[in-house]
Amino acid sequence: DAEQIAAARPSAEIHGADLNTWGEGPAMVEEIARKHRDFRVLVNNASIFENDAASGLDPATFDEAMQINAGSPARMTQAFLEHSRAPDMRCAIQILDQKLDNPNPDFFSYTMSKHALASTIPMIAMATPRPTDRIYGLCPGAILASHDQTSDEADRSHLLNLLARRTWPEEISDGVLFLASGALASGEMLFVDSGQHLLAQPRDVIYLEREGLTA
């Protein structure tokens, strides 16, 4: 998929790293910063979404989720702020989850990891070396089919929000572009989820849909 996108955009490049290690993500960011003097925006979107529950945390799932979803993006943000030579505003955006405000007992380690990453946003915002730097969080709702969902299940479960409508990937990219403009104070978070975070859902929408429940 990345190669197809890059082939359609002559200026695009592909860089890879194993985010389940401490070193590769920051090294990749440093490499990009050395190559591109005007490296202005870092979006930490990659994550894993494996299920364990509040009634039974799985240690392996926890370790992997915390490394990939929290530790690596935090370190990559630090590397970006250390090595980016962009002369004006630099912006790091952490992709989080509406579960921050609407938690449920499913995907326990995943949710903890997103809370951990969210906690770094105000701390790094206070520690940025330039007053023009911006650190943000963007919290999507259900966007794509996830975990073991079929496309039909996703179509139904993604209506379980306050507006009873799908939230589309283009809305997330629009949110990223808005944050990258630096219009908000550093440390802010933006929810793009059709109001899902304003609900109190007892389970993940994957299981609410299968149980025939509504928002």
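In which sense do β1 and strand β2 (residues 91-95) pair, and over how many bridges? The two strands pair in the parallel sense over four bridges. The model is predicted: local features need pLDDT of at least 70, side-chain atom pairs count only at pLDDT 80 or more, and totals for chains, interfaces and linings use all residues. Residues are numbered from 1 along each chain as its sequence is written, and side-chain values use heavy atoms, with hydrogens and water left out.

**View 1. Strand β1 and its crossover to β2.** Strands (E, at least two residues) and helices (H or I, at least four) are DSSP runs numbered from the N terminus; two strands pair if DSSP finds at least two bridges between them. Val41 of β1 (residues 41-44) has Cys91 of β2 as its bridge partner. From β1 the chain passes through helix α3 (residues 59-83) to β2 in a right-handed β-α-β crossover, meaning that the path runs clockwise from the first strand over the helix to the second with the strands pointing away from the viewer.

**View 2. The open sheet of four strands.** The strand order is β1-β2-β3-β4, with parallel pairing. β1 and β4 (189-192) are the edge strands, each with a single partner, so one side of each lacks a neighbour in the sheet.

**View 3. Pairing of β3 with β4.** Strand β3 (residues 134-140) and β4 pair in the parallel sense over four bridges. Pro140 has Val192 in β4 as its bridge partner.

Definitions and conventions
Buried < 20%, exposed > 50% of the residue type's maximum accessible area, 1.4 Å probe, protein only.
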